[in-house]
Amino acid sequence: MQTNISILGATGSIGKNALSIIRENRDKFNITALSADKNWQALAENIREFNPKYVSVGTQEGYDKIKNEFPGIEIFMGCEGLKNIGQLDETDILLTAVSGSIGLPATVEAIKKEKRIALANKETMVAGGYLIRDLLKEYNSEIIPVDSEHSAVFQSLKSGNHNEIERIILTASGGPFRGADKKFLENVTLEQALKHPNWSMGAKITIDSSTLVNKGLEVIEAHHLFLVDYDKIDVIVHPQSIIHSMVEFRDKSVIAQMGEPDMKTPILYAFTYPERVENKLLGNFDFMKFSNITFEKVDFDVFRGLRLAYDAGKLGESYPIVYNAANEAAVDLFMNRKINYTDIYRIIEDEMNAHKQVKSRDLDIIMSVDREIKEKIYNLYK
């Protein structure tokens, strides 16, 4: 029996990896729905290959082009289109691989439909963590993390009970500017920030990885996914990206999940959990190729976006929404060459300092705070 999978963000790096898995396992998986934002041409290619019943596209041009070429497919558009895909009864697993808080409403709908969420959109748990936790108590849904770090923690936690956790240890590659000082970061260019040493990812997450804000988002996500206090979540730099993360238990045993830095592994695991099936796209792990495994401390003073994430998480409620929204807007401005690299940190900190906390258990409130923060920032840089 095939598992029906819907993919939000089918043309991004996670979506492409997921489709490669499905392509090699057509006896196990079937595509129900796909979404893309602006890249309707790639979406059209995916439609021709996988023949989904539903698609959603982010632009009017894309909507018109897809509708004209594929009149037999039901087509949605924009954020409402993502929500419509989240509500589909036919879906067994929803892979949420879009970038940003736009993925939250669709995830909420899928939880209410009691689907499995293969979660690769960390902003969902950062902005909506309290809401998602409440919904998971109410509905018979589950989240299987796809981010390599959270998948590693999820797998490592199978070795012990929750009350036996000493700490969660998230690993970070350090990004392209590992070892840099503040002065160096002041002159970083967009081209430099987009060159990640280990992973091939979308532009936004690649920038986040360079600032270590991505790791900050992961800290907040880990808190909500695994219900562990921030004081028990550590980050260490592991330049080789072979150990994807670890859990230390109270008996001082450390359980780690390791493998090549390739997202096909956690995606496949999320699709087949609790079973493990053959990964037809990767070979056996070559220990001799990765014989040098090292660790370093994080410089929280230089990469202060990570420190700000801990601050936002501990303040709680709406502060993580502000942290995430300010970063999304700042990264967008940086990619459009309207601000300097270190302005990303400054903008996040300024918005957190100006914010007055509100409860964040309601989707409308979450999206309102997100929208207000972004509009405020964009208005400053018109």
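How many salt bridges does a search of the whole structure find?

Mentor: The search of the whole structure finds 31 salt bridges. The model is predicted, so local features need pLDDT of at least 70 and side-chain atom pairs count only at pLDDT 80 or more, while totals for chains, interfaces and linings use all residues. Residues are numbered from 1 along each chain as its sequence is written, and side-chain values use heavy atoms, with hydrogens and water left out. A salt bridge is a side-chain nitrogen of Lys or Arg within 4 Å of a carboxyl oxygen of Asp or Glu.

One of these pairs is Lys122 with Asp147, at 3.1 Å from N to O. Lys122 lies in helix α6 (residues 122-138) and Asp147 in the loop between β7 and α7 (148-156), 25 residues apart. Helices (H or I, at least four residues) and strands (E, at least two) are DSSP runs, numbered from the N terminus. Both Lys122 and Asp147 are buried; buried means under 20% relative accessible area, exposed over 50%, and partly exposed in between (1.4 Å probe, protein chains only).

Lys252 pairs with Glu166, their closest N and O atoms being 3.3 Å apart. This pair spans 86 residues, from Glu166 in strand β8 (residues 165-172) to Lys252 in the loop between β10 (243-249) and β11 (254-258). Glu166 is partly exposed, with a relative accessible area of 31%.

In a further pair, the closest N and O atoms of Glu349 and Arg304 are 2.4 Å apart. Here two helices are linked: α15 (residues 343-354) holds Glu349, and α13 (residues 304-315) holds Arg304.
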